[in-house]
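Take rings, pockets and a few individual residues in turn.

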Amino acid sequence: MTMIIKSRAIVLHSFKFGEDKIIVDLFTEEHGRVSFVAPISSSAKAKIKKQYFQPFSILDVEYDYRQKQGLQKFKYVGIAFPFVSVPFDQYKMVISLFLAEFTFYAIRGEQKNIPLFGYVINSLKWLDSCSEGFTNFHLVYMIHLLKFIGFYPNLDDYEKGCYFDLRSGCYISMPPFHREYLSTDDTSLLSTFCRMDYSNMHFFKMSHIERNRLVDVVLSYYRLHVPKFPELKSYDVLKELYR
């Protein structure tokens with residue numbers, strides 16, 4: 001059984017396959033995570049161009065969906081939302097590359113999820129449109145993504161001097177019997193950070209050390225709750241940017 005699907009899609013990852021093909025992992029609005037194989041030509045007349053598949057590109061795609069086929073094939077690919085600033089701003093580019101790799105692993109195996117798709121799309125459009133005050137964007141994106149994949153921690157019961165249990169996702173008054181918890185200082189930093197959203201994050205001033213420490217904390221939380229969540233290759237580049 002096959003069907004022609006038209007959908008918006010977000011590029012998460014791509015790599016060359018053989019001499020003239022590319023394999024692309026997309027998060028589609030209609031089917032969630034879907035992998036494609038596509039021919040790539042250097043010809044200016046080629047209908048499918050390699051530059052379409054930059055991480056976090058937002059596409060319009062059409063494909064003949066075959067449920068039992070591991071790699072789908074495009075009938076049409078086009079840019080749905082042309083970025084005006086992300087590809088030309090060093091900071092935004094590094095943030096988007098990091099978050100594309102992060103999202104690739106964070107939502108691995110995700111089925112159709114319209115609220116999650118909308119969150120990612122709207123976040124990317126926000127980043128592209130803002131001119132300043134986006135230093136904490138990746139932090140806000142990562143923590144709020146948890147709301148859509150079922151691991152958002154309980155952040156209502158913070159008290160000064162408490163600890164955060166990374167396993168249970170709760171504040172606690174005493175250290176637990178395992179090692180996956182935050183110190184009182186890191187817990188205080190997390191509590192401050194979790195009050196951020198895109199509209200107010202520019203009011204929160206953090207040092208580079210604090211910002212990178214928070215990224216470490218959030219990634220540790222994901223590794224505990226998302227199976228096979230690896231070390232991210234792009235994280236070193238992001239840390240260099242925020243030295």
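F56 counts as buried, because its relative accessibility is 2%, and the cut-off for buried is under 20%. The model is a predicted one. F56 belongs to the loop between β3 and β4. Its backbone stands out too: F56 has a positive phi of about 75°, yet it is not a glycine.

K228 also has a positive phi without being a glycine, here about 60°. Is K228 buried or exposed? K228 counts as exposed, because its relative accessibility is 75% and exposed means over 50%. Its place is the loop between α5 (208–225) and α6 (235–241).

Another lysine, K50, sits in the loop between β3 and β4. Leaving aside residues up to four places away in sequence, K50 touches I22 and I40. Its C-alpha atom is 37 Å from that of N200, and 150 residues separate K50 and N200 along the chain.

**Aromatic rings**

How many aromatic pairs does a search of the whole structure find? The search finds 26. One of them joins F36 and Y63: the ring centres are 5.0 Å apart and the planes stand at 85°, so the pair is edge-to-face. The cut-off for that label is over 60 degrees. F36 is part of strand β3 (residues 32–39) and Y63 is part of strand β4 (residues 58–66), so this pair ties together parts that are 27 residues apart in sequence. Both F36 and Y63 are buried.

F164 and Y171 form another pair. Their ring centres lie 5.5 Å apart with planes at 70°, so this pair is edge-to-face. F164 is buried, and Y171 is buried as well.

Lysines meet rings too. The charged end of K147 sits over the ring of Y152, at 5.3 Å from the ring centre. The charged end of K239 sits over the ring of Y235, at 4.6 Å from the ring centre.

**Pockets**

| Pocket | Volume | Lining by class |
|---|---|---|
| Largest pocket | about 290 Å³ | eight nonpolar, four polar, three charged residues |
| Second largest pocket | about 220 Å³ | 11 nonpolar, four polar, no charged residues |

Start with the largest pocket. Its lining has 15 residues, and L12, H13, S14, P55 and E101 lie nearest its centre. Which elements each supply at least two residues of this lining? They are β1 (2–17) and α1 (90–106). The largest share comes from α1, with five residues.

Now the second largest pocket, with about 220 Å³ of space. It is lined by 15 residues, and the closest to its centre are Q54, P55, S57, F83 and P87. Here α1 gives the most to the lining, with three residues.

Definitions and conventions. Residues numbered from 1 in each chain as written. Predicted model: local features only at pLDDT ≥ 70, side-chain atom pairs only at ≥ 80, totals over all residues. Heavy atoms only, no water. Phe/Tyr/Trp six-rings, centres within 6.5 Å; stacked < 30°, edge-to-face > 60°. Helix = DSSP H or I, 4+ residues; strand = E, 2+ residues; numbered from the N terminus. Buried < 20%, exposed > 50% of the residue type's maximum accessible area, 1.4 Å probe, protein only. Lys NZ or Arg CZ within 6 Å of the ring centre and 35° of its normal. 1 Å grid on protein atoms, 1.4 Å probe; cavity = no way out; pocket = protein on both sides within 12 Å on 5 of 7 lines; lining within 4 Å. Points joined across faces, edges and corners; volume = space filled by probe spheres on them. Nonpolar A, V, L, I, M, F, W, Y, C, P; charged D, E, K, R; others polar. Contact = heavy atoms within 4.5 Å.
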